[in-house]
Amino acid sequence: MEELEELLITSDMGVQTAMTLMEKVSSSKISEVDQVKSFLKDEILAILEPRTAEPETAPPAPRVVMIVGVNGTGKTTTIGKLAARATASGEKVLIGAADTFRAAAIEQLMIWAERADADIVKHMEMADPAAVAFDAVAAAKARNADLVLIDTAGRLHTKINLMEELKKIKRAISKKIPDAPHEILLILDATTGQNALSQAELFNDALGVTGLALTKLDGTAKGGIVISVCNALKIPLKYIGIGEKVEDLQEFNAVEFVDALF
Ligand code: GDP
Ligand code: MG
């Protein structure tokens with residue numbers, strides 16, 4: 001039991017979640033190791049299984065996904081990977097460069113767009129990000145794109161509040177397509193441990209996050225943090241990043257993930 005408890009805590013799921021799980025184990029009166037493990041796996045799976053059902057029918061094209069998260073978590077990289085997947089499956093993809101706070105951010109996104117064979121809508125550095133997002137969605141409609149991916153900043157250098165800026169981007173998108181953005185995907189870095197949880201709360205309170213992507217799971221992080229985030233926020237984990245290359249993105253598989261934990 002002690003070994004299990006240690007395993008849970010060191011998997012980065014957070015002391016609180018680990019304790020709750022251990023309490024469930026002891027009240028279940030199960031003591032045989034394999035049974036305890038499979039009991040724990042089921043409990044963790046229940047936490048990870050998405051609470052919100054996917055919509056039966058896909059929204060009319062273009063589907064708009066707004067990508068948010070703090071600096072360095074892997075927003076731009078994940079956009080590149082998602083764009084490449086979508087174009088490979090025959091979709092027409094347009095990327096909106098609404099992280100306008102560094103010229104380098106726009107250039108980085110241009111490289112990914114080219115690699116993924118996706119269109120890009122960009123303005124000058126320091127342009128109004130909401131205007132970029134609006135133009136990107138407008139262009140996507142005009143060009144009959146299937147998917148729009150909106151990149152955003154993770155930190156602002158001025159006094160403008162990041163969350164207010166992101167809300168403005170969200171409003172600008174819905175001015176063009178009323179039920180868009182169809183997805184607000186929060187990118188979390190698995191190596192940041194419990195920090196990711198407070199980030200998730202912040203972004204969710206401000207924007208209403210609809211899905212998560214957990215990056216850098218190829219590093220040492222065991223990603224138990226995702227259990228803690230799913231437990232606290234009830235937001236489905238959709239993707240995991242397992243490297244810096246274009247193919248290093250996977251749809252999250254809860255069963256495989258839980259098997260890897262033990
Ligand atoms: P952004 O600031 O959120 O846009 O983050 P970037 O997309 O620029 O990524 C920041 C750094 O993390 C870059 O060096 C990426 O190559 C790296 N990165 C992103 N995703 C992953 C991942 O899944 N695994 C690893 N090892 N590195 C990643
Ligand atoms: Mg970026």
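**Entry 1: T152**

I start with a cut-off: a residue counts as buried when its relative accessible area is under 20%. The model I am reading is predicted.

Is T152 buried or exposed? I looked it up and found 0% relative accessibility, so T152 is buried. I then placed T152 in the chain. T152 belongs to strand 4, which covers residues 147-152.

Next I asked what the side chain of T152 reaches. I found the backbone oxygen of I67, at 2.6 Å. I also listed the contacts of T152, leaving aside neighbours within four places in sequence. I67 is in that list, together with M66, V68, K75, A98, D99, L166 and I169.

**Entry 2: ligand 1**

I turned to ligand 1. I noted 17 residues around ligand 1. Which of them come nearest? I wrote down G72, K75, T77, D218 and E244. K75 was already in my notes as a contact of T152.

I then checked single atom pairs. T77 has a polar side-chain atom 2.6 Å from an oxygen atom of ligand 1. For D218, a polar side-chain atom lies 2.7 Å from a nitrogen atom of the ligand. G241 uses its backbone: an N or O atom there lies 3.3 Å from an oxygen atom of ligand 1.

How much of ligand 1 does the protein cover? On its own, ligand 1 has 580 Å² of accessible area, and the protein covers 79% of that. I also looked at the space that ligand 1 takes, and it is the second largest pocket.

Which element gives the most to the shell around ligand 1? I found helix 4, residues 75-88, which gives 4 residues.

**Entry 3: I79**

I stayed with helix 4 and picked I79, which is found there. I read 0% relative accessibility for I79, so I marked I79 as buried.

What does I79 touch, once residues up to four places away in sequence are left out? I listed I67, I95, L109, L149, I150 and D151.

I took one pair from the list and checked its spacing. I79 and I150 are 71 residues apart in sequence. In space, their C-alpha atoms are 8.2 Å apart.

I moved to the loop between strand 3 (119-121) and helix 6 (129-142), where H123 is found. The relative accessibility of H123 is 26%, so I noted H123 as partly exposed.

I looked for a polar contact at H123. The side chains of H123 and D135 are joined by one of 2.8 Å. D135 is also among the contacts of H123 beyond four places in sequence, with I106, A131 and V132.

I checked a pair further along the chain too. H123 and E251 are 128 residues apart, and 31 Å separates their C-alpha atoms.

M126 lies in the loop between strand 3 and helix 6 as well. I read a positive phi of about 70° for M126, although M126 is not a glycine. Its relative accessible area is 49%, so M126 is partly exposed.

**Entry 4: D117**

I noted another positive phi. D117 is not a glycine, and its phi is near 60°. I placed D117 in the loop between helix 5 (103-116) and strand 3.

Is D117 buried or exposed? With 66% relative accessibility, D117 counts as exposed, because the cut-off is over 50%.

**Entry 5: P181**

I looked at the peptide bond from A180 to P181. I found it cis, with omega near -5°. P181 is in the loop between helix 7 (162-176) and strand 5 (183-189).

**Entry 6: Q199**

My last stop was helix 8, residues 195-207, where Q199 is found. The relative accessible area of Q199 is 13%. That value is under 20%, so I wrote Q199 down as buried.

Which residues is Q199 in contact with, leaving aside neighbours within four places in sequence? I found V70, T73 and L188.

Q199 and L94 are 105 residues apart in sequence, and their C-alpha atoms are 27 Å apart in space.

Terms used. Residues numbered from 1 in each chain as written. Chains lettered and ligands numbered in written order. Predicted model: local features only at pLDDT ≥ 70, side-chain atom pairs only at ≥ 80, totals over all residues. Heavy atoms only, no water. Helix = DSSP H or I, 4+ residues; strand = E, 2+ residues; numbered from the N terminus. Buried < 20%, exposed > 50% of the residue type's maximum accessible area, 1.4 Å probe, protein only. Polar contact = N/O pair within 3.5 Å; in protein donor to acceptor, adjacent residues only side chain to side chain. Contact = heavy atoms within 4.5 Å. Near = heavy atom within 4 Å. Areas by Shrake-Rupley, 256 points an atom, 1.4 Å probe, with all protein chains shown as cover. 1 Å grid on protein atoms, 1.4 Å probe; cavity = no way out; pocket = protein on both sides within 12 Å on 5 of 7 lines; lining within 4 Å. Sits in = over half its atoms within 2 Å of the grid points.
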